[in-house]
Every structure is written in C-alpha cells, then in structure tokens.
Amino acid sequence: MSRRRIPPEQRLLADISIVDIAEEGKGVAKVNELVVFVDKAIPGDVVDVELLRKKKNFAEARVHQLKKASSHRTLPFCEHFGVCGGCKWQHMDYDAQLRYKQQGVSNALTRLGKVDTSAMEAILAAPQTQYYRNKLEYTFSNKRWLTNIDDAQEGLQMNALGFHVPSRFDKILDIEHCFLQQDPSNAIRNKLRSFALENGISFYDLRQHEGALRNLIIRTASTGELMVIVIFAYADEDTVKRTMAFLHQEFPSISSLLYVLNHKKNDTIFDQDIHVYAGRDHIFEEMEGLRFKIGAKSFYQTNSAQAYQLYKIARDFAAFRGNERVYDLYTGAGTIANFIARDVHEVIGVEYVPSAIDDAKINSELNNIGNTKFFAGDMKDVLTADFILEHGEPDVVIVDPPRAGMHADVVARLLAMEAPKIVYVSCNAATQARDLALLGEKYEVRRIRPVDMFPHTQHVENVVLLMLKK
C-alpha cells in the first residue's frame with residue numbers, strides 16, 4: 001500500500017518504543033502485529049512516527065517527534081548525515097553499535113543456520129572509528145542534490161562532486177568534508193572541484209551521458225603512499241592535461257597519479273585502459289612485513305588496520321602446525337594466501353577475476369614467496385574432483401566469498417573433500433548462516449568471532465571455524 005492510500009487518521013502513531021535496529025540504520029518497533037521500520041530511530045527512543053508505506057506485516061515510517069531520546073543516542077559528527085547514504089549509525093554511540101552488530105550476527109547464525117552461538121567471542125572493535133577507509137570513489141554530476149537551505153538560494157550552481165543520494169542514481173550530494181578517509185583526501189576533492197568550476201570544465205550528466213569529469217578515486221596506504229585516479233568522460237586532450245597538471249602541482253606527494261577515459265554508460269574501470277600521468281602505476285600496502293602491490297584495479301580490504309586483525313583471527317582459528325596444504329577459495333588478490341604462506345607447507349588460491357589472480361602472483365613474487373599457486377575461474381567449475389586429485393587434498397580450507405555466499409556446488413564439493421578444518425570469513429552473516437546449515441551435515445562450528453571493519457554502518461565481518469565431525 002502506498003503512502004497516498006494510508007488513511008490520514010492512520011498515518012500518525014504515537015508513543016512508539018524502538019526496541020531493535022535493522023539494516024540501513026532503521027529502528028524497529030512493534031505495534032500489535034505490525035513491525036515498523038523507523039528511519040533514523042535507535043533502540044531506546046520513544047517517538048511519534050508518520051507511516052510512509054504499509055504492507056500486511058510491516059510498515060516504513062519516519063520520526064514525526066522524538067518524545068524520549070535513547071541513552072545510546074549521540075550527536076552525528078558529519079554535516080551530511082541523513083542525506084548521504086553512508087555512516088547511517090553515527091547517531092548511535094559506538095559501544096551500542098558493537099552490541100547490535102554482535103547481536104545481528106548471533107541472530108542470523110541461530111535463526112538461519114541453527115548454530116549454537118553461546119560461546120561466540122566478543123566482536124573486535126575498530127581502534128579508529130573515523131578516517132579508517134583506504135579507498136573512496138566520488139562522482140561528478142551536473143545534477144546536484146538540493147537541500148532545503150540550497151533551495152532558498154538564488155543562482156545556485158548545480159555541479160557537484162560527492163556521493164550518490166540513496167535511491168537517486170542521477171543525484172549527487174556535494175560533499176564538503178568526509179570523515180571516512182584521512183588527509184589529504186578532502187583537500188584533493190575540494191580543490192579539484194574548485195579548479196573545475198573556475199575553469200568551466202563540465203561535470204558529467206548521468207542521464208544524457210555527456211560532460212568532461214566523471215569520477216574521482218582516492219586510495220591511501222598504511223605506507224603513506226597515495227593514489228589518485230581521475231576518470232574523464234568526454235574531455236578534450238587539453239582539458240585532461242590541464243586537470244592532471246593542476247593535481248600534480250597542487251599535490252606533489254601523490255605517488256601514483258592516473259587517469260582514465262571512460263565513454264561507457266557505467267562507471268566501472270576494470271575494462272578500461274589506465275594512463276599514468278605522474279609517478280608509478282601502483283602503490284604499496286604493508287602488513288606484518290609483507291608488501292602488497294595495489295594498482296588502479298586491484299582489490300584490497302578498505303580498512304587496512306582491521307584487515308590485518310581479521311587475517312590474524314583467521315590464522316589463529318586455523319592453528320597451523322606448518323605442514324598443511326591450504327586451499328584459499330575466493331582468494332581475491334591473494335592477500336590471505338600470502339599472509340599465511342610462511343606458516344604452512346603450501347597454499348592454493350582460486351579466484352574468479354583473472355586480474356586479481358595476476359595481482360596475487362605478483363605479490364607472491366614481491367615477497368619471495370614460493371609456496372603459493374593461483375588459479376582463475378568460476379569456483380564451482382575450477383574446484384572439481386580432478387583439480388583436487390591433481391593438487392592434493394587440503395588440510396585446511398579458507399573461504400572468503402562475496403556477499404551472496406557460496407554456490408551450492410561449492411558447498412557440495414567442500415562436503416565431499418572433508419578437509420579437517422574450514423575457516424569461513426564472511427561479510428554477510430545471513431548467507432554465511434545458510435552455508436553453515438548445509439555444511440552442518442559433516443561439520444560442527446567450534447569458534448565464532450565478528451570483526452567491525454566499518455564503524456557507523458551496519459556492516460560486519462564474521463569468522464567461523466568449522467571442524468569435521470568424527
């Protein structure tokens with residue numbers, strides 16, 4: 001039922017207690033048999049709400065009046081909170097965020113996977129809750145999202161450089177200061193935007209597919225190195241040269257200054273040529289003495305500090321003795337594989353994306369690691385009985401699949417392999433729980449520990465150790 005069809009006398013609900021929090025940062029209330037998701041409400045709030053949409057068993061609403069503030073409620077630190085699609089939990093104190101992330105993982109594993117979570121270990125908090133990301137992607141647009149204050153201004157220019165407004169693909173919120181990435185990220189974005197405006201360089205039109213400046217990607221490394229990628233759409237050679245020269249002069253500390261010419265109708269650059277304007281075509285990350293080469297198209301966990309903690313937990317769960325053959329499935333750029341290589345006899349990594357496998361091999365060579373092998377292809381097609389016969393049965397399997405979890409054929413292969421241990425790293429507790437239920441045919445869960453990689457969001461990583469039943 002749409003909002004227009006909700007009778008006026010039924011749109012307002014008074015004195016509603018928020019008892020839980022769901023994804024997208026929405027508070028959860030229960031009114032008789034109706035579950036109500038309330039935008040920007042948090043557990044402990046008592047609110048009057050206005051219903052926006054209503055279906056049979058649930059409704060969506062917004063706060064009409066805050067009657068009593070939760071003890072967990074705190075003042076959002078970002079001026080863009082509530083409009084920007086990121087950091088949706090920043091109005092809730094960090095201790096409460098951790099509590100509800102742990103609760104969310106436990107609920108998913110219990111409800112969907114029938115897993116006993118009574119011995120679940122405490123979530124690992126992030127030591128840094130601001131400026132923790134090593135990569136951000138911004139969009140140029142000539143369709144700026146207007147706030148109420150902006151609406152009242154005359155002669156407002158409509159160009160913006162920032163983030164997509166949720167559910168509005170062609171509207172970009174102009175960002176002044178983002179608390180996600182350390183300096184000089186904000187300075188680069190703001191100065192590049194000012195340069196473009198002052199020089200009349202056109203911003204991209206996402207509907208008409210025209211304009212010069214399209215996207216900006218900034219990557220910062222724990223080594224202090226910095227990569228900046230400017231993606232142009234329909235820019236002439238002079239515009240490209242002037243823009244890149246400005247960045248090179250203004251920010252000489254950039255280690256890798258790159259640009260892309262993208263005429264496609266989507267923003268992905270994985271099939272595009274990368275042009276080096278200044279510096280190298282890559283930067284380096286470091287972790288426990290290992291160096292990882294990061295190119296424009298490379299995948300690397302976006303929270304470097306917590307990625308290290310995540311990998312240490314996975315290694316601890318595996319409890320290597322030194323003689324194991326390890327299968328690292330969904331290996332990505334081989335970060336986990338190379339991280340554990342010196343602790344085991346051999347690591348065999350499999351990943352769908354060929355360029356990621358290229359990165360994995362380069363990183364092994366870079367660190368003089370000679371006991372890794374990497375293979376590219378669809379997991380369910382690569383991980384066959386013949387593959388296992390050729391490379392040997394694993395003693396430990398590490399899996400770190402995408403949010404969708406593992407294909408049923410991959411789960412079936414794991415059950416057939418009967419490796420003594422499986423360490424399952426996941427960014428989605430719901431799909432992890434589904435896979436654990438299937439693996440429960442032959443495995444039992446021994447350890448569980450969530451890791452907070454993304455403070456002020458609902459996202460959480462989770463590591464589970466499974467042991468083959470005797």
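This is a predicted model: local features need pLDDT of at least 70, side-chain atom pairs count only at pLDDT 80 or more; totals for chains, interfaces and linings use all residues.
**View 1. Phe-77 and Phe-179, an aromatic pair between two loops.**
The rings of Phe-77 and Phe-179 have their centres 5.1 Å apart, and because their planes stand at 70°, a value over the limit of 60 degrees, the pair is classed as edge-to-face. Phe-77 belongs to the loop between β6 and α2, while Phe-179 belongs to the loop between β9 and α4, so the pair ties together parts that are 102 residues apart in sequence. Phe-77 and Phe-179 also form one aromatic cluster with Tyr-131. In the model as a whole, the count of aromatic pairs comes to twelve.

**View 2. Phe-232 and Tyr-259, an aromatic pair between two strands.**
Here the ring centres of Phe-232 and Tyr-259 lie 6.3 Å apart with the planes at 80°, so this pair, too, is edge-to-face. The pair links distant parts of the chain, since Phe-232 sits in strand β11 (residues 226-232) and Tyr-259 in strand β12 (residues 256-261), 27 residues apart. Both Phe-232 and Tyr-259 are buried.

**View 3. An open sheet of six strands.**
Six strands form an open sheet with mixed pairing, and the order across the sheet is β1-β5-β6-β4-β3-β2. The strands β1 (12-17) and β2 (20-21) stand at the edges with a single partner strand each, so one side of each is left without a neighbour in the sheet. Within the sheet, strand β3 (residues 26-31) and strand β4 (residues 34-39) run antiparallel and are joined by six bridges. To follow this pairing in the structure, find Gly-27, which stands opposite Val-38 in β4. The loop between β3 and β4 holds Asn-32, whose phi is near 55°, a positive value in a residue other than glycine. Asn-32 counts as exposed, because its relative accessibility is 75%.

The side chains of Arg-62 and Glu-50 meet in a salt bridge, with 3.1 Å from N to O. Arg-62 is in strand β6 (residues 58-68) and Glu-50 is in strand β5 (residues 46-54), so that the pair, twelve residues apart, links distant parts of the chain. Arg-62 is partly exposed, with a relative accessible area of 36%, whereas Glu-50 counts as buried at 15% relative accessibility. The model has a count of 32 salt bridges.

Arg-315 forms a salt bridge with Asp-343, and the closest N and O atoms are 3.8 Å apart. This pair links distant parts of the chain: Arg-315 is in helix α6 (residues 304-318) and Asp-343 is in the loop between α7 (335-340) and β17 (346-351), 28 residues apart. Arg-315 is buried, with a relative accessible area of 19%, while Asp-343 counts as partly exposed at 27% relative accessibility. Through salt bridges that share partners, Arg-315 and Asp-343 are joined with Glu-288 and Arg-342 into one network.

**View 4. Helix α12 and its surroundings.**
The buried residues of helix α12 (residues 429-439) are Ala-429, Thr-431, Gln-432, Ala-433, Asp-435, Leu-436 and Leu-439. What covers these buried residues includes the helices α2 (94-113) and α11 (408-417), together with the strands β20 (421-426), β21 (443-451) and β22 (461-468). At the start of α12, a side-chain oxygen of Asn-428 reaches to within 3.0 Å of the backbone nitrogen of Ala-430. The loop between α11 and β20 contains Glu-418, which has a phi near 55°, a positive value in a residue other than glycine. Glu-418 is partly exposed, with a relative accessible area of 39%.

Most peptide bonds are trans. Asp-183 and Pro-184, however, are joined by a cis peptide bond, with omega about 10°. Pro-184 lies in the loop between β9 (168-174) and α4 (185-198).

Terms used: Residues are numbered from 1 along each chain as its sequence is written. Side-chain values use heavy atoms; hydrogens and water are left out. Two strands pair if DSSP finds at least two bridges between them. Helices (H or I, at least four residues) and strands (E, at least two) are DSSP runs, numbered from the N terminus. Buried means under 20% relative accessible area, exposed over 50%, partly exposed in between (1.4 Å probe, protein chains only). Contact means heavy atoms within 4.5 Å. A polar contact is a pair of N or O atoms within 3.5 Å; within protein, one must be able to donate a hydrogen and the other to accept it, and residues adjacent in sequence count only if both atoms are side-chain atoms. A salt bridge is a side-chain nitrogen of Lys or Arg within 4 Å of a carboxyl oxygen of Asp or Glu. Rings of Phe, Tyr and Trp (its six-membered ring) pair if their centres lie within 6.5 Å; planes under 30 degrees apart count as stacked, over 60 as edge-to-face and the rest as tilted.
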